[in-house]
Every structure is written in C-alpha cells, then in structure tokens.
Amino acid sequence: MVYAAIFAGGKGSRMGNIDTPKQFLDLASKPVIIHTIEKFYIHSSIDEVIVLCPKPWVAITKDLIKKYLPEGKPVTVIEGGETRNGTLENAVKFIKENRETDDNTIIVTHDAVRPFLTHRIIEENVEAAIKYGACDTVIPATDTIVESEDGSLISSIPNRKHMYQGQTPQSFRLNDLIAVLSSLTEEEKSILTDACKIFTIKNKPVYMVEGEVFNIKITYPYDMKVAATLLKGKDSDD
Amino acid sequence: MINQVYRLIAPGMIDVACTTPDIMNKVILRPLYMSICKADQRYYLGNRSKEALKAKLPMALIHECVAEVVSDPTGRFKSGEVVVPVPNTPTEDDDVIVENYRLTSHFRSSGYDGFLSDYVDIDADRLVRLPDGIDLKVASFTELISVATHAISRFDMFSHRRKDAIGIWGDGNVGYITALMLKAIHPDSKLYIFGTVYEKLGYFSFADKTYHVDHVPADLKIDHAFECVGGEASRPAISQIIDHINPMGSIGLMGVSENPIAINTRMVLEKGLNLFGSSRSGVADFQKTVDILHENPDIPNYLENIIGDTVTVRTIEDIHKAFKSDISRNFGKTVIKWEK
C-alpha cells in the first residue's frame, strides 16, 4: 500500500497580515490544499491520501474535500503536530495503528503548499522509495550557495555542482522511517526537522528524484503571485 | 487540480503551462502512448503560414493517443480502463453534417491543446474503449487509422457498386493504412498501390500489385481510387488517376496540400467522375476502427511494422528528441511512450 501524507501544518504566520494559513488561500478559484490533494487523489499509485492539518482546520478541510473531490479514493483528515516532525510522527502513528502495514508499505510525504508537483514526480518517488527505502525530490542549485556560521562572514562556498535544492515529496518505506525516527533522542528531534536529513545522519541511503523548477512552495505573498501567474490562461503566454 | 501542459510556443520551442481541469465534471486520462502526425510536425518545424502559427500557438501538439482512465465522474468508465480519446470536439448537433466537418467543431492540436500533457480532461462521449490484445503502440495512432476508416465510409456512400479494382496513390503512412483498411472492408476488390519508392512499396505485401508511378502499364484500368499523396505531388497523382480510372469512378482525396492543386476538369466531366474530399474523423469512425482492429488481428500486426521509433519521454528535451527522430524518417510512425 502507498499512502500520501500531505502536511498542512503551517499557520500562515509568514503570509503578511493574512490570518488564513496559506494552504487554505484560493488559487484559481480553489484552495491551494485542494489542488495538492487532487494530484495525489488521481494518481493510480496512491492508495489513500491522509491530510494533516491544525486542529481548528480539520473540520473545514473535511468540508472542502467533500465540496471539491468526487467520491472514490479514501481521503482522511487528521490533526498534525506542533512541529514538522510531530506531524510526520502523527502520520506514521495513524497509518501504523489504523491500517494494515508491512515492509512494502510506502509513505509519500508532501507539503500542502506545493500544488504544482507532477505525475512523474509522484511516480518516481514511489518507485525510488520501494527500491532505496528513502528519497528526496531535488533540483540542481542555480544560485551559488554560501555558508555562514555566524551570519555575517562567509565560512565556506560549496561547489555549486554538488548543490541541490530540496523540494517535496519525500518518500519512505514506512518501517524504515519508524526505525529511524525511534532512534532519535528528544533533542535530536527538535534539531532534525528534515526526515531525509535524519536518514542521511543515520547513514541510510536517500535517492534523489528530479523535481521541477515550477514545483514551488507557496510561502510568501510573492509566491502566491508567482503561482497565479503560472496558472494564467493561454492568452497570457503570447 | 493543476495540470502541466507542454505547449509549442514557437517552432522548435516547447514550454510548460499550467491548466486547471475540472475533475468533478470531466473524465481525466493519463496518456500512455502518443504518436506524431505530419500535421504536428508542420507546426513544430514552422512549415505553416505565419498567420496560422500566430493564430494557433501556443498550443500543445499531438492528437493521436491511447490513454488510461484516471477518474470518471459520470461512472461510464472505470479507473484503469484503456481508451482512445477522439480529438474532434463538436460544439453543436447537426443531423446532416457529421461532426468532423462542422465548422463549429474544435480539434485538438489545431488551435486547441492536444494531448501533450500530464493529464487530459475530456468528455466521456469522446472516448472509445480499447479491447484487450491490441498493441498499445499501434493503438496510439488509432486516430490516423480512423481517418482512413472515415474516408472508406464516405467512399462507400458515393461510389457505384462495381469495385473490381481500386487504386491507392501514395506509398506513405496514409496510403499504407488506407490500403490495409480497404483490404479488410472490401476483401474481394483487387488492390493496386502506386508509389515512388520501391522500398516503401515493398511494405504493401498484402496488396494485389504495386506499381512505380513511372512504370504504370498504359492499359491498366481501375474502378475507383484514393489519392494519399498530398503536397505539390498530388497534382500529377490526381492526373494519373484520371488517366487510368474507368468512367463514373470515384476518387477520394486524402492528401493535404498548402497550395491549390490544378485538376484536369475536362476529363472529370467527360468520364463523369466523382471527386470527394475526406478529412479527420469522428467517434463513430473510431469505434468502427477499433472493432476492425479487434476482429482482424493481422491488421495491428502489419501496423507494428510501420512503427519507426519509440521514444520514452520524461523531459521536454525528450519531446524534442521524438520530433527530431520523426523528421529524419519519410515513412513510418514515431511513437512516444509517455512518462513525463
């Protein structure tokens, strides 16, 4: 079985003065989160979609799914955690306690605020998770990455050829993910906010799936404008 | 849902655009295989008038496709069913003019987005189920086969009953497919093929006789003919058909030409000939085509032979590779395995 876990935990604090979390803002007459759920809903490799969102938004999310999605593939809405790791743990716990799982169970985790992902990205995530146990979606870095340990002076400039920018989905064999998460101390959990990083630190292989430049994360009001531009009709391409 | 569509924005330039198909009301398909048509190639290479390019681009190419149903809110199709989508989209009913000749009909990859996209949204009445056992690469160019089926249906409507000998001018894809379908629909007629390349004529092993156009016996007579040549060469082809056709014969014109073609009307009048045009096809032609392919498994086997190349597409660069591979071939079909 392959589960998609969509993380809609953001509270919208970075979206200027707007109180609505960004995943619930409208993009082309639909909430961003619905566009994202739809992509997993129609993908034949995904058996169930699990949406994790802040408690006050659980009922609203359920209403939106009822309004915008046809009946068919199961879409379950549960409460996310306080942190990204907490949300990931909630997803894993829910699947483990409520669904039948085995060593071939896959979890594809994705940000609700990345509605532009493609069929191929999902397909290759599932294939890579089955084959390697863990994978991350990345694109080659176009800007030079500069590292600074103190925030004022450059401590190093890594070779751009070896640099990639992380996107989502990140996908895992569920049992491997559980093993890695359970090996973390509470302190490690608070520092290691990226599941793929946890795998890497624990010397587990993480395969890189090629992302897309347009698989953007809607974080700031500017991103919403970019997203709206990407969705403009044929005439605007002239 | 946000869908990625791969549009030709200028000759040789493809870019991704995003659309928002309505999954509550439309059938959503995932393309499996597609095939490149000469019409797509003309847009890709910019071999259309400036006016046509300006009016029709940006536009996703490809109108030959076989796909899997992803979701169908009407309940007519199940997820996973394999179907052939019909690119012609009528916008009004007409009990006289069939759907592919209505001026108000839309056609995918001619002013409207073709199938080159992650998902295709379409109405359920534009889909024809593909029976098990038909090779998907062959099924990818069902549309082209249905154009031949449509032309033969029109031929049956217009032509007199004596069909002892039928000639096909043109040794390319359209000639080959029309000849195959004609042999299936009129197995008792003698089928003669007229072409310019001996190697290509060699593929027509099922025909009764093939001729190089420079060596046609003067006394050869046919009852009816199909012109599948197109371009400037359709003028000498039509002229030769008129020379060899018996009085009151019918000539189906299937070759596309950018410029007007001169026709010997004196002899058309004298022989009482019937020239008719045929273009594109509709749902009924697709259904009939699929039925014929299912009932005559030899036909898909013959058609497998004209697949020149199969290109797996994961990136926009791969789309360019497929079109470039197709350019280098003057016979056969280029098939795209869609993994984008």
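Two strands count as paired if DSSP finds at least two bridges between them. With that in hand, welcome to a predicted model in which chain B has an open sheet of three strands, ordered S7-S8-S9, with mixed pairing. The edges of this sheet are strand S7 (88-89) and strand S9 (111-112) of chain B, each of which pairs on one side only. Chain A and chain B touch each other, with 18 residues of chain A and 23 residues of chain B taking part in the contact. Here is a short tour, topic by topic.

**Chain A as a whole**

- Chain A contains eight helices and nine strands.
- The radius of gyration of chain A is 18 Å, and a compact globule of 238 residues would come out near 18 Å, so the two agree.
- Of the 238 residues in chain A, 40% are buried.

- Helix H1 (residues 32-41) of chain A is largely enclosed by the rest of the structure, because 10 of its 10 residues are buried.
- The buried residues of H1(A) include Val32(A), Ile33(A), Ile34(A), Ile37(A) and Phe40(A), and also His35(A), Glu38(A) and Lys39(A).
- For a contrasting setting, turn to Asp143(A), which sits in the loop between strand S7 (134-140) and strand S8 (164-173) of chain A.
- Asp143(A) counts as exposed because it has 8 C-beta neighbours inside 10 Å, where the cut-off for an exposed residue is 12 or fewer.
- Asp143(A) and Leu88(A) are 55 residues apart along the chain, and their C-alpha atoms are separated by 30 Å.

**Domains of chain B**

- Chain B is divided into two parts: domain 1 takes in 3-129 + 307-338, while domain 2 covers 146-277.
- Between the C-alpha centres of domain 1 and domain 2 of chain B there are 29 Å.

**Sheets of chain B**

- In the S7-S8-S9 sheet of chain B, S7(B) pairs with strand S8 (residues 106-108) in the antiparallel sense, over two bridges.
- Thr89(B) has His106(B), in S8(B), as its bridge partner.
- Another open sheet of chain B has three strands in the order S2-S1-S4, with antiparallel pairing.
- S2 and strand S4 (59-60) of chain B are the edge strands here, each pairing on one side only.
- S1(B) and S4(B) run antiparallel and are joined by two bridges.
- Arg7(B) has its bridge partner in S4(B), namely Ala60(B).

**Where the chains meet**

- The contact draws 23 residues from chain B and 18 residues from chain A.
- On the side of chain B that touches chain A, at least two residues each come from strand S1 (3-10), strand S2 (13-19), strand S3 (27-35) and strand S5 (64-71) of chain B.
- S2(B) provides the largest share of that side, with three residues.
- By type, the residues on the side of chain B that touches chain A are 13 nonpolar, five polar and five charged.

Definitions and conventions: Residues are numbered from 1 along each chain as its sequence is written. Chains are lettered from A and ligands numbered from 1 in the order in which they are written. This is a predicted model: local features need pLDDT of at least 70, side-chain atom pairs count only at pLDDT 80 or more; totals for chains, interfaces and linings use all residues. Domain bounds come from an automatic or database domain assignment. Helices (H or I, at least four residues) and strands (E, at least two) are DSSP runs, numbered from the N terminus. Two residues are in contact if their C-beta atoms, placed from the backbone, lie within 7 Å. Ala, Val, Leu, Ile, Met, Phe, Trp, Tyr, Cys and Pro count as nonpolar, Asp, Glu, Lys and Arg as charged, and the others, Gly among them, as polar. A residue is buried if 20 or more other C-beta atoms lie within 10 Å of its own, exposed if 12 or fewer, and partly exposed in between; C-beta atoms are placed from the backbone. The radius of gyration is taken over C-alpha atoms; the globule rule is 2.2 Å times the number of residues to the power 0.38.
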